[in-house]
Amino acid sequence: WPTSSEGGPGPAFFPRLLVGLFAVSMVVRIVQDIRTVRRGVAVGEDEDEKVIPEEGAELESALISARQVAIVIAISVAYVVGTIYLGWVVATFLMVVIFLVLAGKRNLFVVVPLAAGLSVGFAYMFVKVVYLSLPTGVGFFDDVSVRIFELLGAY
């Protein structure tokens with residue numbers, strides 16, 4: 001956990017902290033799965049019918065739409081490509097708006113400020129707190145992203 005010249009944590013601190021937290025959560029989940037398997041499958045009222053001890057563990061395949069899965073994948077790929085050309089802040093804003101509208105939130109007086117607040121707030125956290133360089137986009141979008149970072153005091 002090397003420190004920077006300013007006496008605070010270095011740029012590798014937060015990614016390492018997140019990886020450590022992910023590792024701990026994976027170990028907890030693996031232990032939970034092992035305990036569930038060791039308990040075995042409970043037998044229902046009918047001898048042939050088996051019930052899984054954990055409620056909601058099984059997802060019915062009838063509830064999954066191939067079209068919706070394709071839309072989610074397309075949005076994810078478009079977001080990654082969008083961060084390169086539009087910049088992280090603009091792409092995140094658009095992705096949050098699209099996601100909320102597709103999730104059923106149609107009130108634009110709530111969706112747009114929420115998306116703006118999330119994209120600007122996380123941009124500030126990543127650039128100013130975590131010292132992570134975010135993509136700024138190309139051309140006009142580069143100017144917009146740099147101006148947003150300047151207004152945040154990050155540049």
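This is a predicted model: local features need pLDDT of at least 70, side-chain atom pairs count only at pLDDT 80 or more; totals for chains, interfaces and linings use all residues.
1. Overall make-up. The secondary structure of the protein comes to five helices and two strands, and, read from the N terminus on, these elements follow one another in the order α-β-β-α-α-α-α. The protein has 155 residues, of which 16% count as buried.

2. The largest pocket. Its volume is about 240 Å³, and it is lined by Gln-68, Val-69, Ile-71, Val-72, Ile-75, Ser-76, Met-95, Phe-99, Leu-102 and Ala-103. Two helices, α2 (66–85) and α3 (88–102), each supply at least two residues of this lining, and the largest share, six residues, comes from α2. By residue class, the lining divides into eight nonpolar residues and two polar ones, with no charged residue.

3. Ser-76 and Met-95. Which two helices does one meet in reading the lining of the largest pocket? They are α2 and α3, and Ser-76, one of the lining residues, has its place in helix α2. Ser-76 counts as partly exposed because its relative accessibility is 40%, a value that lies between the 20% and 50% cut-offs.

4. The nonpolar surface patch. A patch of about 840 Å² is made by Leu-63, Ile-64, Val-69, Ile-73, Val-77, Val-81, Ile-84, Tyr-85 and Val-138. Ile-64 is found in the loop between β2 (50–51) and α2, and with a relative accessible area of 46% it is partly exposed. Val-81 and Ala-91 are ten residues apart in sequence, while their C-alpha atoms are 8.8 Å apart in space.

5. Tyr-85 and Phe-141. How far apart are Phe-141 and Tyr-85 in sequence and in space? They are 56 residues apart in sequence and 7.5 Å apart in space, C-alpha to C-alpha. Phe-141 counts as partly exposed, because its relative accessibility is 28%.

6. Val-101 and Val-111. Val-101 has its place in helix α3, and at a relative accessible area of 28% it is partly exposed. Val-101 and Val-111 are ten residues apart in sequence, and the distance between them in space, C-alpha to C-alpha, is 7.8 Å.

7. Salt bridges. How many salt bridges does a search of the whole structure find? It finds two. In one of them the side chains of Asp-33 and Arg-29 meet, at 3.6 Å from N to O; these residues are four apart in helix α1 (residues 13–39), so they are separated by about one helical turn. Asp-33 is partly exposed, with a relative accessible area of 35%, and Arg-29 also counts as partly exposed, at 41% relative accessibility. The other salt bridge is formed by Glu-150 with Arg-147, where the closest N and O atoms are 3.7 Å apart. Glu-150 and Arg-147 are three residues apart in helix α5 (residues 140–152), and therefore about one helical turn separates them. Glu-150 counts as partly exposed at 41% relative accessibility, and Arg-147 counts as partly exposed at 47%.

8. A backbone detail to check by eye. Tyr-131 is found in the loop between α4 (108–129) and α5, and it has a positive phi of about 60 degrees although it is not a glycine. For context, most residues other than glycine have a negative phi.

Definitions and conventions:
Residues are numbered from 1 along each chain as its sequence is written. Side-chain values use heavy atoms; hydrogens and water are left out. On a 1 Å grid over the protein atoms alone, a cavity is a set of points where a 1.4 Å probe fits but cannot get out, and a pocket is an open set with protein on both sides within 12 Å along at least five of seven lines; lining residues have an atom within 4 Å of a point. Grid points are joined across faces, edges and corners, and a volume is the space filled by probe spheres set on the points. Ala, Val, Leu, Ile, Met, Phe, Trp, Tyr, Cys and Pro count as nonpolar, Asp, Glu, Lys and Arg as charged, and the others, Gly among them, as polar. Buried means under 20% relative accessible area, exposed over 50%, partly exposed in between (1.4 Å probe, protein chains only). Patches are made of residues with over 30% relative accessible area and no salt bridge: like charges are joined within 9 Å, nonpolar side chains (Val, Leu, Ile, Met, Phe, Trp, Tyr) within 5 Å. Accessible areas come from the Shrake-Rupley method with a 1.4 Å probe; for residues, only the protein chains shown count as cover. A salt bridge is a side-chain nitrogen of Lys or Arg within 4 Å of a carboxyl oxygen of Asp or Glu.
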